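Okay, thanks for coming, everyone.

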Amino acid sequence: MGGIFTVDFTTALLFGAVTAGVPLLLAGLGEQISEKTGVLNIGIEGMMLAGAYLGFVAAYDSGSFWLGYLGGAGGGILVALLMMVFCVWLGMNQIVIGIALTLGTQGLTALLHHFQFSRTYPRLGEVPTLPIPLLDDVPVLGESFFDRHPLVYLVVALVFVLGWVFRRTNIGLNLQAAGDNPAALDATGVSVYVTRSSAVLATGALAGIGGAYLANVGAGLFVPFMTNGAGFIGIVLAMLARGNPLWVLFGAFLFGVSLALTTALQVGGLNIPTDVVQMLPFVMVIVVLTVFARHSYLPPALGQPYVRGER
Amino acid sequence: MPQVAQVDRNAVPAVAVEDIVKRFPGVLANDHVSLDFEKGEIHVLLGENGAGKSTLIGILAGMQQPDSGTVRVNGQVIRIGSPRESLQLGIGTVFQHVLLVRSLTVLENLMLGGPWWSRLGRHEALARLMTFSETLGVVIDPDAELGRLSLGQQQQVEIIRALWHGGRVLILDEPTSMLTPAGVRELGQVMRRLRDQGVAIIFITHKLKEAYEFGDRISILRLGRVVGDLPKARLASMSEGDVTNEVIRLMFGPTATVTGDARALVHEGQRRRRAVAVDRSGEPLFMVRDVSASARPGETVLSNVAFDVWPGEVFGIAGVDGNGQKELAEALAGQRPVASGRLVLGDDDLTTLGIGARRRLGMRYITDERLGEGTVGTHSVATNLLVKEIGLPPYWWRGMTRWKQVREHARDKIETFDIRTPSEQTPIARLSGGNIQKVLLAREASSEARVVVFNKPTYGLDLHNTRLARERILKSAASGIATIVISTELDELTELCDRIGVMSQGRLRGIVDNTEGAEMRLGVLMTGADAA
Amino acid sequence: MTAEAQQDVNVTAGGGPRRSAWRDATTTALRVLLPVLLALLAGALIILALGKDPLTYYEYVVQRGLLSPTGFQATVTRTAPLLLIAAGLIVAFRAGIWNLGVDGQFLLAAVVVAALAPELIVFLPRWLTVLLCFVAGALVGAIWSLLPAFLKARHGVNEIITTLMMSFLGISLANVLVKIPFNDPTTTVPQTATLPVADRLPRLFDTTVHAGVILALVVVLLVHLMMTRTAFGLKLQIVGANPRAALHAGLNITGLTFATFALSAGLTGLGGAVEILGVWGTVRADWNPAYGLLVIPLVFLARFNGIAVIGFVLFFAVLMIGGESAARRLDVPHFFVLVLVALLLMFLAVVEYLDHRRRQSRVD
């Protein structure tokens, strides 16, 4: 038993946890923004997938990872636009539209992939990394945390920035009010529609970038349906985080660990079948949900479209 | 008598509406309404529920647009297209339902609406809050979470928010419904201080007494039209009795006979339940013995509530909203588990029984939330009339629904209770509030009832339906039913009840006999306990 | 949208504003057909954008799915699992419960039945094997919904996420079961032991359509009857329409919640059993037809009405079978059906919205 407690195993685990955790983190943060304003964004899985596809295409065509993220954001925003129009502006049922967007994106990206890449299955090149001096020499941790593509650092920074925005800016106040009592926000003269629209688009952008990272950095290629529930896990993270981005960070890392176990275990020499290990993240999610069921918090106006003057 | 502050009569009114018409499907809410609102004056809009007051306010607050007519602010014709524009014009509105964000602090609520790109200006906001506190004579903790404050304090924050950006017009829509008598007095003081500084105050109410007490000027609305106006000069010289008679005359016409509705308006708070001697020689019919119940976040914990109700007695429960009345009603009906204590109805102990079992033994509960809880809006009137008896004969047989009998039953009730509905199949949400209440009353007033709990039975109803509901309550008591009425309106309780208990913070503070001076004793009980 | 749908289903003729029955019928027809037409149109545009001829595509679909004798039989056969899932979804949605875990419930039940049937058939007569397998399938489905049911009933946790997660878990688990414990060692490809064709569900007359279709039809009709004519069905609808009113009326919400989940997931599991016993006889590794989520728009289109859903399921089955053929002949992969389903759902929502607006502005 080469083993679980070797350096190799731990490094592989932590390294993989970051790789798998970043998309979850982005999805979770995005969903958190939406849910704060009262929009239950089920379509986030579709936004991630759209971001994965467009992000891959952008990176593949241009050779630049950054352009890939931009493409990913664009893909996510495209899907988010539909959510914005139908749910925020027109007040249609958020769950039905969310399911439709997810299914549609799954189908569309798979379709496009078939016509563009299914014969060649191109891959992207090596991921450029930005090592942080000194810290990257730390054994195990250095390689996993401090020698990654710069987006990782940006996303972690985003967690703290978002926390600050939520608590110390007018935007944060508006977001919270939109989900708690939209009529109150409207009465102060701030548009509930604009607030919620911005939130949904922001979610799309973040989820899209997450999808792009998943495809370009995580896998190096696009495979239909590749998000495999990452967006929904983001929803779980947002539900349990009670409005605090730090919890999303923590939860994303936790689930990232469970996702990374497949490769890590192989490195450690343990021969547990892939399929069994692949069950683990979902088992983890369900266990966490069950244990922390009582602590989940959702804003009062969640899922209800706002119409001025309606009681 | 209200003090008359000096006002320059030649000045342009702060706000004026001319010939406003507003229609909604099936009703003409505002029918060519014209009114002036002067600076430094408390102008009362008096009218029953449904008279069109709230619609007018909605227009001034920018929530909706009139179909025709003009609005002038400081003499200029303006179209108030949104709540933001209303605020920018200096008009601040305090609605009946708290329009604040419960999860934010007082200060954060006040800072809401600032430019989105900037950081929160805490210092400036604090300073401004201090100024307001002094002006209004109130003390509020800026960092308290709004949801934790008492309703009266929340209302004070609402008033501050309405005037936060330098508003010169303050609109208050039925502000006293959630206040203790002491709270109402405080509100009066605040209003007068603002008025003396030149703020134009528009005060909406359906209570004549309030109109007289607070108004420098009273305009009376009925069925969408302004039927009368008592300007300041005239009002100053009239007694309360004069005002009452004049209002009646303006609302119902100069006929000799006073209709039942008019009587209801007039005697609001002035009539006391004639002491129909309740026979207390036997055992009480319904006994609440030291009942306690737990609560989820946001609800009130019940502690050792105890009272008895004799057959034919009307027992009132007074108190400001949010002090456990709803929780008590739920505990009595079986919707909330009793943690300790006992509930006894005649010879039956209800304490551990479920809702259905209690109902079968004669417990009835008419909720205050007609659409939210009392009925299923998308289902028909017929279904709603039997929704508490699903599965029981004769309307169900071996689990199958006998729709024919269900519909017949509904038609029968519609006839008896004069429920206005296109048919028994109409989805109940389409009915007016008064008719939905009739359905609730019809549903619960069955022959086997022994104790009935009415929660805010006349809330939001017009005069006519208010009167009908109250008659039904008295009728139910007359047939020997132990009747419990929960209400935030002291006038209603003194009109209907034999004895009245006061709920405060989940406890029953005291029980008062409905005799001379009961209001005062009740006020003391409510205030003393409301030291939040 | 759900409330509107329910409203129309509950209000029978003889109430409401005076409108001619003719206008009623045309409006309903439009509300149903318009989303379908719009979706097909939008789908055609997408096919065009991919460089293929939409007319040819639809032609192949109709040729195979509807007009060809073997194809039509395949279509009818396909309706069996779809109808059972639809029945399960109708029960859930009417009760206000979003059972999105249907794919996992279906697959797990299918896998268990695929493993069980070949074992039982050795010493039990076919009818008993079939019966036991049906029960097993339903049970597996119901058990798989137990946790979400509990979380919802006890802690009010939103079932959308819990059922979705259980679905992902269920699909993974099903795969593990096929590859390891239930794996048939005699085959090269990982799969369960195959149930011989002779032991599968009997065929109807001379066709390849199996008796499971009859069962599915009967079940759908029974569900419809239950929802519209029994006390239990009415209680479910009330809980779905207004949970607070249901509590106020004294309904046993916890019990009803569990019952709804169990019934909904059980019916879905039965669908899985029927599909295995009637068509495949085995489950291969990584097999996941994912019928569940595809049925959702059909149930909405039918306004949760059991009788109407039969027509929509048939229409969709034509699309699926025809689409499989068109995929081979025209190289438009089967993912297109997913897109079509999504378009159907979106246009349905749009049409509902427009209709709602139109009705509001024209109120009595």
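Predicted model: local features only at pLDDT ≥ 70, side-chain atom pairs only at ≥ 80, totals over all residues.

Let's begin where chain C meets chain A. Chain C puts in 36 residues and chain A puts in 38. On the chain C side, the elements giving two or more residues are helices H7, H8, H13 and H15. The largest share is from H8(C), with 13 residues.

Staying in helix H8 of chain C, have a look at C:Asn175. Buried or exposed? C:Asn175 counts as buried, because 24 other C-beta atoms sit within 10 Å, and the cut-off for buried is 20 or more. Setting aside neighbours within four places in sequence, C:Asn175 is in contact with C:Ala285, C:Asp286 and, over in chain A, A:Asp275.

Now over to chain B. Here there's an open sheet of six strands, in the order S6-S7-S8-S3-S9-S10, with mixed pairing. At the edges you'll find S6(B) and S10(B), each pairing on one side only. On average, neighbouring strands in this sheet are turned by 20° against each other, ignoring direction.

Inside the sheet, S3(B) and S8(B) run parallel and pair over five bridges. B:Val44 stands opposite B:Phe203 in S8(B).

Then the helices. H5(B) lies across S6 and S7 of chain B, at about 165° to S6(B). H9(B) packs on the sheet too, touching S3, S9 and S10 of chain B, and its direction makes about 155° with that of S10(B).

Notes: Residues numbered from 1 in each chain as written. Chains lettered and ligands numbered in written order. Contact = placed C-beta atoms within 7 Å. Helix = DSSP H or I, 4+ residues; strand = E, 2+ residues; numbered from the N terminus. Buried ≥ 20, exposed ≤ 12 C-beta atoms within 10 Å, placed from the backbone. Pairing = 2+ DSSP bridges. Axes fitted to C-alpha atoms, helices over the stretch in contact; angles between N-to-C directions.
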